[in-house]
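Subject: A structure to look through

Hello,

Here is the structure I promised to pass on. Please open it first, then read my notes below.

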Amino acid sequence: MTEAQSVPQPHSDMRARAPQRPFTWPLAVQAAAYVVLVALACLPGSGAVSSSTFSVTAFAVAAIIVLFAFFCPLRDGVPGRVTAVVLGFVAMVCASTPLLGQFVFERQGAANAQYTSAAAWCAGVAGLLVVLVVAAFIRQMARPQRTDMIVQLAHMVTDGVVSIAASGWCFLPMLFHEAGVADVWRIVCVVVVVAGAVALAMVSRLWYRETQPLPGARAAWVGFGLLPVMLIGALVGIAALVMWLV
């Protein structure tokens, strides 16, 4: 009997279904991430993209993207995580560069700088999603053995979508501090974002209960805690755009 045959076959399945931390652990990660992002967005001057306080908010968003890549529970491997981080950073550039928005969407000068930033971000996100799908397909075609191709493709796309969506948190300071916006619309947008966060927190419990993270994943519960927070970033960016439109 060879060494490979002497290893019990069910062992690998048991590793994939290893006991996890209670759901309160990823829930605490969600709460901590929300507290940090909201606290930084409340700092005076954070609504101006050129301010140092906005840079702190952008750094926090970038840190979340990197942490998710490090503790990612998805089965997309290193190429998928590197692709997700790169696309997430490019989306942050689209969100935090007013000149890019003015170049793409020529409006009425600086008076609409924030609007053009949000519009350029939306256009950039759309383009990055196309790049993500193409890159994920090429990655799967380049694999020598295409086992579990659908699962790996779906996880790589999910990883990229989450990282791209996280860039929308860059608009949270504008959502709080933008002048010339009716308070009623600001409150409505904030309420919608909070409702979305609560809904995703409830749904994430189902995700966490049914998950089978990659064997050997580092503290997968951290990644699951960050995942809904990053997805809500897309809602923050869209809410900011709607606020400026109305």
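In what order do the elements of the chain run from the N terminus on? They run α-α-α-α-α-α-α-α-α-α-α. The chain has 11 helices and 0 strands. Both kinds of element are DSSP runs, numbered from the N terminus: helices are H or I with at least four residues, strands are E with at least two.

Some ground rules. This is a predicted model, in which local features need pLDDT of at least 70 and side-chain atom pairs count only at pLDDT 80 or more, while totals for chains, interfaces and linings use all residues. Residues are numbered from 1 along each chain as its sequence is written, and side-chain values use heavy atoms, with hydrogens and water left out.

**Confidence**

Check this before anything else. pLDDT is the predictor's confidence in each residue, from 0 to 100. The chain has a mean pLDDT of 82. In 82% of its residues the value reaches 70 or more. Among the elements, helix H3 (residues 24-41) has the highest mean pLDDT, 94. Helix H2 (residues 11-16) has the lowest, 38. Over residues 1-19 the pLDDT is below 50. Beyond near neighbours in sequence, that stretch has 7 contacts in the model. A contact means heavy atoms within 4.5 Å.

**The chain as a whole**

The chain has 246 residues, and 44% of them count as buried. Buried means under 20% relative accessible area, exposed means over 50%, and partly exposed lies in between (1.4 Å probe, protein chains only).

**Helix H4 and its partners**

Look at helix H4 (residues 52-70) next. H4 and H8 pack at an angle of about 165°, with their axes 9 Å apart. Axes are lines fitted to C-alpha atoms, for helices over the stretch in contact, and angles run from 0 to 180 degrees between N-to-C directions. H4 is therefore roughly antiparallel to H8. The scale: under 35 degrees is roughly parallel, over 145 roughly antiparallel, 65 to 115 roughly perpendicular, and the rest oblique. H4 passes H8 in a right-handed crossing. A crossing is right-handed if the near helix is turned clockwise from the far one by less than a right angle, and left-handed if anticlockwise. Val-61, Ile-65 and Phe-68 in H4 meet residues of H8, including Asp-159 and Val-162.

H4 also packs with H5, at an angle of about 165° and with axes 9 Å apart. That makes H4 roughly antiparallel to H5. This crossing of H4 past H5 is right-handed. On the H4 side, the residues that meet H5 include Phe-54, Val-61 and Ile-65. On the H5 side, Arg-81 and Phe-89 are among them.

Asp-76 sits in the loop between H4 and helix H5 (77-96). Is Asp-76 buried or exposed? Asp-76 counts as buried, because its relative accessibility is 2%. Leaving aside neighbours within four places in sequence, Asp-76 is in contact with Arg-81, Gln-152, His-155, Met-156 and Asp-159.

Gln-152 is found in helix H8. Not counting residues up to four places away in sequence, Gln-152 touches Arg-75, Asp-76, Gln-140, Arg-143 and Thr-147.

**Aromatic pairs**

How many aromatic pairs does the structure hold? It holds 7. Rings of Phe, Tyr and Trp (its six-membered ring) pair if their centres lie within 6.5 Å; planes under 30 degrees apart are stacked, over 60 edge-to-face, and the rest tilted.

Trp-121 and Phe-171 form an edge-to-face pair, 5.5 Å centre to centre with 65° between the planes. The pair links distant parts of the chain, 50 residues apart. Trp-121 is in helix H7 (residues 113-142), and Phe-171 is in the loop between helix H8 (149-166) and helix H9 (172-177). Both Trp-121 and Phe-171 are buried.

Tyr-208 and Phe-224 also pair edge-to-face, at 5.7 Å and 75°. Tyr-208 lies in helix H10 (residues 183-210) and Phe-224 in helix H11 (residues 220-245), 16 residues apart. Tyr-208 and Phe-224 are buried. Together with Phe-23, they form one aromatic cluster.

Best wishes
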